Amino acid sequence: MAQAPATKLDATPGQTIGPFYGYALPYERDNELVSPSRAGAVRLHGTVYDGEGAVIPDALLEIWQADGEGHVVAQAGSLVRDGYTFTGFGRTAVDNEGNYTFTTLNPGPTGEGKAPFIMLTVFARGLLNRLFTRIYLPEDTAALAADPLLASLDAADRDTLIATREADGALRFDVRLQGEGETAFLSYPRS
């Protein structure tokens, strides 16, 4: 018996951000992966822009990262900020001017010759699915040149993934959702 051709189904969209419920978001010190007074603490900050270059005042950002030695943390309790445990996870809402700030550590490379990076997830109005990107540290140019993901991108897209180190040691990383200078976003195919 002949079978009808399989119909290709489109994936259903994820959920847009919100509404938020006070018991889940935000939580105390959600943007502090480490205390600002900790030795080696670094400020990661920037602004989120839409396709017209206007700031987005209601985005939510999450970061995931290795610790300073490059170990991917497998510690339970990401929502608990006890002042001692580094879980590698942080979340923050942008302010009314689209600005965000995290207090974290410079991540170490997760393997020999790999470029250190921080994973960034963006939730914002109008996005049916969250967006994923990486924030690379700018210092190790040899590791950046050898990174497989960065090597797969053209120079303009590659540059959108590398943070700027400021004079005080802070990292600046602006996110542009569309348009000129659009941040390169990653997709993860489902298996």
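Colleague: The backbone oxygen of which residue lies 2.7 Å from a polar atom of the side chain of threonine 133?

Modeller: This is a predicted model, in which local features need pLDDT of at least 70 and side-chain atom pairs count only at pLDDT 80 or more, while totals for chains, interfaces and linings use all residues. Residues are numbered from 1 along each chain as its sequence is written, and side-chain values use heavy atoms, with hydrogens and water left out. On that basis, the backbone oxygen found 2.7 Å from the polar side-chain atom of threonine 133 belongs to alanine 184.

Colleague: Is threonine 133 buried or exposed, and what is its relative accessible area?

Modeller: Threonine 133 belongs to strand E6; strands (E, at least two residues) and helices (H or I, at least four) are DSSP runs numbered from the N terminus. Buried means under 20% relative accessible area, exposed over 50%, and partly exposed in between, for a 1.4 Å probe and protein chains only. Threonine 133 therefore counts as buried, since its relative accessible area is 0%.

Colleague: How many of the six residues of strand E6 are buried?

Modeller: Beyond neighbours up to four places away in sequence, threonine 133 touches residues including Leu161, Phe173 and Leu186, where contact means heavy atoms within 4.5 Å. E6 spans residues 131–136 and is largely enclosed by the rest of the structure, because the number of its residues that are buried is five.

Colleague: In which sense do E5 and E6 pair?

Modeller: Two strands pair if DSSP finds at least two bridges between them. Threonine 133 of E6 is the bridge partner of leucine 120, and isoleucine 135 of E6 is that of isoleucine 118. Strand E5 (residues 117–123) is joined to E6 over six bridges, and the sense is antiparallel.

Colleague: Which residue in E5 stands opposite glutamate 62?

Modeller: Strand E2 (60–65) also pairs with E5, over six bridges in the antiparallel sense. Within E5, the residue opposite glutamate 62 is threonine 121.

Colleague: How many of the residues of E5 are buried?

Modeller: In a regular strand, side chains alternate between the two faces of the sheet. One side of E5 carries Phe117, Met119, Thr121 and Phe123, the other Ile118, Leu120 and Val122, and all are buried. E5 is thus mostly covered, as the number of its seven residues that are buried is seven.

Colleague: How much space lies in the second largest pocket?

Modeller: On a 1 Å grid over the protein atoms alone, a pocket is an open set of points where a 1.4 Å probe fits, with protein on both sides within 12 Å along at least five of seven lines; lining residues have an atom within 4 Å of a point. Grid points are joined across faces, edges and corners, and a volume is the space filled by probe spheres set on the points. For the second largest pocket, that volume is about 170 Å³.

Colleague: With the side chain of which residue does the side chain of histidine 45 make a polar contact?

Modeller: Histidine 45 sits in strand E1 (residues 41–49) and is buried at 7% relative accessible area. A polar contact is a pair of N or O atoms within 3.5 Å; within protein, one must be able to donate a hydrogen and the other to accept it, and residues adjacent in sequence count only if both atoms are side-chain atoms. At 3.5 Å, the partner of the histidine 45 side chain is that of arginine 172.
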